[in-house]
Amino acid sequence: MANDNVELMRGEPEIAVRKLAIPIMISMLLTASYNIVDGIWVAGLGQAAIAGIGFVTPIFMILNGFSIGLGNGATSSISRAVGARDHERANNSATHSLLIFLAASIILTVIFILIQEPLLKTYGASGQSLAEGIKYGTPLFLGLFSFMFANGGSGILRGEGDMKRAMYAIIVSVALNFILDPLFIYVLNLGSAGASLATIVSSFASAFVIMYWILIKKDTYVNVTFKDFHFDSKIVVDVLKVGIPSSLDMLMMSLAMSLYLIFISSIAGEYGIAAFTSGQRLYLFAIMPLTAIGSAVAAVSGSAFGAKNADYLDRTHKYGTKFAMLLGVAMMLILVLFAPQLALIFAYTPETMGLIPEITNFLRIASFGLLLVGIGMPSSFLYQGLGRGTTSLAWTIIREVVFTVSCTYIFGIVLGYGLTGIWIGLAVGRIIASVLNYIYARVTIKRFKEKYWADIDSTSNG
C-alpha cells in the first residue's frame, strides 16, 4: 500500500491531485466539524459563552497552526525526497519531524498558558466573556501535544501520499468528539471547558492511531526508528524552512483575526463578536475543500520538484487551481443561498436568535471572497511544495494583513459602513490578494521551467 501511494505521487499530476485531495478534503471537513459541533452545543450556554470562545479563536488558530505548519514542513521534506527517490532521506525527515513535534509541544504549551489572559483582554474580552474564554482556552493549550502529533503525523503520511489513513484517523477523532461534546458540556456540567476537553481527547485519539501506524505497526513508506539515531541539522533546517513559515502563516491570520475582533468590538461589542464568530465558523468550514486541494498540490508539486519535472509542476498548479476555483464557487453559492437557515444553526435559542440577521448578512457578503480564493489557495501551497516557505508566508501577510485588514478598516471604520463594511472588506481584500498570488505563482513556475531547461541544455552541451 505504501509503494502504491508513492507511485501515485510520481504519476500523472492531475490524477494525483484529484485522488490525494478527496481524502484530505474529507479529513479537513471532518476536522472543521469540531468547530461546528462545538458551536452548536455552546450556543445553548448563551451569548457570553459564544463571545468568550470567539475571543479564544485567534489564539487557538496560532496553537493549531503551529502543529499544521510543522506537519506541512514534514510533508514538503518527505515528498521532495520521494520525488528524488531518496528513501533514506525520507526516513530521516520523518524521524526528525517527530522530535520537532515533541520539542514544539513543550515550548508552546508554556507560552500559551502564560499569554492567554493578557491576549484575551487585548481583544476586548472582559467580565463573563473573559471568564468563559479562559475556561475554554486553558484545556486547549494544555492539550497542545495532541494537536501537534495528530496534525504533524498527518503531515508525515501526506508526504508519502498516504491520505486515506490520515482520513481514517480523523474519522475516529470526529466520531468521538460528537459523543463527548454533549457529555462533557451538559451531562458532566463542564460548560465551555467541556467543549475544549472533548476536542482534546478526540484529537489525542487521532494522534494515537497515526503514531501506531508509524512507530509500532511500521507499515508506512517511511521507516521511523530511533535506534542508532544521529541528529542532522540539515534535515531539521529542511523541515523547518517550510514548517516555521507555514506555522507563521497561522500566526499572521490570527493577527488579522485579532484586528477584525478589535474593529468589530468597537462597532458592535459582544453582539458583533458573536455574529462574526458564528459566521466565521461556516466560512472556515466552506474553505476547507480549497485548503485540501492546496495540500494535495503541495505534496504533488514537492514530488515533481524533487524529480525536477517542470511539466508536472506546471500541470499540478493548473489543475489544482481549476479544481479549487470550481469548488470555491459551489461553496459560495451554498453559503449565500442558504444563509438564514445556516445562521439558525448557531442561534437557535431565544437568547441568541437576535444574531440571525447579522450572521445572515455576514454569509451573504463575506462569502463572495470564495469566488477567487480558489485560485490563490493552491498557489500558496505550491510554494510549500517547492520548499519556499517564506514565499508562502509572504503571501499570507499580503492577503490577510496588507489587503484584508486594510479593506475591513477602510469599509468598516473609515467609510463608516459598520459591520456590513467589515464583511465587504473581508471579501474584497481576499479577492485582490488571491488574483495577485496566482499571477506570481505562474511567474514562479515559468522561471523554474526556464531554469530547468537551461540546466538540461548546459548538460547536453557539456
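Trainee: Which residues in H4 meet residues in H5?

Mentor: In this predicted model, Thr109, Phe112, Ile113, Gln116, Glu117, Leu120 and Lys121 are the residues of H4 that meet H5. Their partners in H5 are Leu130, Gly133, Ile134, Gly137, Thr138, Phe141 and Leu142. The residues of this contact comprise seven nonpolar, five polar and two charged.

Trainee: Why is H4 called roughly antiparallel to H5?

Mentor: Helix H4, residues 87–123, and helix H5, residues 127–142, pack at an angle of about 165°. Angles over 145 degrees count as roughly antiparallel, and therefore H4 is roughly antiparallel to H5. Their axes lie 10 Å apart, and the crossing is right-handed.

Trainee: What makes Ile262 count as partly exposed?

Mentor: Buried means under 20% relative accessible area and exposed means over 50%, with partly exposed in between. Ile262 has 35% relative accessibility, and so counts as partly exposed. This residue is found in helix H9.

Trainee: How do you know where Ile262 and Tyr123 stand relative to each other in sequence and in space?

Mentor: Ile262 and Tyr123 are 139 residues apart in sequence, whereas their C-alpha atoms are 5.8 Å apart in space. Leaving out residues up to four places away in sequence, Ile262 touches Thr122 and Tyr123.

Trainee: Which residues touch the most other members of the largest nonpolar core?

Mentor: They are Ile156, Phe276, Leu370 and Trp423, in a core of 126 residues. Helix H9, residues 233–306, gives the most to this core, with 26 residues. Beyond its neighbours within four places in sequence, Trp423 has contacts including Ile264, Phe276 and Phe362.

Technical notes:
Residues numbered from 1 in each chain as written. Predicted model: local features only at pLDDT ≥ 70, side-chain atom pairs only at ≥ 80, totals over all residues. Heavy atoms only, no water. Core = buried A, V, L, I, M, F, W, Y, C linked by side-chain atoms within 4.5 Å. Buried < 20%, exposed > 50% of the residue type's maximum accessible area, 1.4 Å probe, protein only. Helix = DSSP H or I, 4+ residues; strand = E, 2+ residues; numbered from the N terminus. Contact = heavy atoms within 4.5 Å. Axes fitted to C-alpha atoms, helices over the stretch in contact; angles between N-to-C directions. Parallel < 35°, antiparallel > 145°, perpendicular 65-115°, else oblique. Left-handed = near helix turned anticlockwise from the far one by under 90°. Nonpolar A, V, L, I, M, F, W, Y, C, P; charged D, E, K, R; others polar.
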